[in-house]
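Here's a quick walk through this fold, with the sheets, helices and cores taken in turn. Have a look at the model first.

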Amino acid sequence: MPLLRYALLFCVYVLTSVFPQLSVAEITTLPIPDQGWAISFDAPPLRPVREADSNDHYMYYGNANFFSVVINVDTPACDGGDSHENVLNCFWPKASKEPLINQASVQKSCNSNYCKLSYELENSFQDKSIKQRHVYFLFAYRNKWNNVHISYVNPTEVDLKVLEKFEQSLSYK
């Protein structure tokens, strides 16, 4: 009987390794305090970690295991017009100084809703390779510069689909 039990446990282990459990995604809507608008997106259920609000700044940080969302709403940080491109052009020179960014993975694009910046950070911890996929959605809206940052640690193909679904669902109004 112990042999049958070990065989059964081995099968369960193999199945859970090959078919990882999917996080059930849900629409999350975060009202931006004192601004009269909200940001919505489809993501795994988030555990709020930190939220801060002041006269000119709002910040939200939540996560779901290896998936994280950070939202910053600020007054413009650089000179120039109130455009998505100006938010990107102000943000990227500062962020690009991070030495762990895999420069070959950097991608930038803009559309009518936001500018998107994505890259991978690569590092190791206790002799294990760690990759983090980072995606920023940068946009100007109602005289505020907005940075919606999502990241995944060691993302699988399933996790990358979560990032895609987030991007497809991201809206603000």
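Which residues of the largest nonpolar core touch the most other members? They are Ile 39, Phe 41, Phe 67, Ile 71 and Phe 166, out of 26 residues in that core. A nonpolar core here is a set of buried Ala, Val, Leu, Ile, Met, Phe, Trp, Tyr and Cys residues joined through side-chain atoms within 4.5 Å. Buried means under 20% relative accessible area, exposed over 50%, and partly exposed in between, with a 1.4 Å probe and protein chains only.

A word on the ground rules: this is a predicted model, where local features need pLDDT of at least 70, side-chain atom pairs count only at pLDDT 80 or more, and totals for chains, interfaces and linings use all residues. Residues are numbered from 1 along each chain as its sequence is written, and side-chain values use heavy atoms, with hydrogens and water left out.

Strand 1, strand 2, strand 4, strand 5, strand 8, strand 9 and helix 3 each supply at least two of its residues. Apart from it lies another core, this one of 14 residues, including Leu 88, Cys 90, Leu 121 and Leu 138. As for Phe 41, if you skip neighbours within four places in sequence, its contacts (heavy atoms within 4.5 Å) include Leu 30, Val 69, Ile 71 and Phe 166.

Now the sheets. Helices (H or I, at least four residues) and strands (E, at least two) are DSSP runs numbered from the N terminus, and two strands pair if DSSP finds at least two bridges between them. Seven strands make an open antiparallel sheet, ordered 3-4-5-9-8-7-6. Strand 3 (47–53) and strand 6 (101–110) sit at the edges with a single partner each, so one side of each has no neighbour in the sheet. On average, neighbouring strands here are turned by 15° against each other, direction ignored. Strand 4 (residues 57–64) and strand 5 (residues 67–74) are joined by eight bridges, and Tyr 60 has Ile 71 of strand 5 as its bridge partner.

The other open sheet has three strands in the order 1-2-10, again with antiparallel pairing. Its edges are strand 1 (26–32) and strand 10 (171–172), each pairing on one side only. Strand 2 (residues 37–43) meets strand 10 over two bridges, with Ile 39 partnered by Tyr 172.

The angles below run from 0 to 180 degrees between N-to-C directions, using axes fitted to C-alpha atoms, for helices over the stretch in contact.

| Helix | Strand | Angle |
|---|---|---|
| Helix 2 (residues 84–95) | Strand 8 (128–141) | about 145° |
| Helix 3 (residues 157–169) | Strand 9 | about 165° |
| Helix 3 | Strand 2 | about 150° |

In helix 2, His 84, Val 87, Leu 88, Cys 90, Trp 92 and Ala 95 are buried; what covers them includes strand 6, strand 7, strand 8, strand 9 and strand 10.

Finally, Tyr 141 lies in strand 8. Beyond neighbours within four places in sequence, Tyr 141 is in contact with Trp 37, Asn 146, Tyr 172 and Lys 173.
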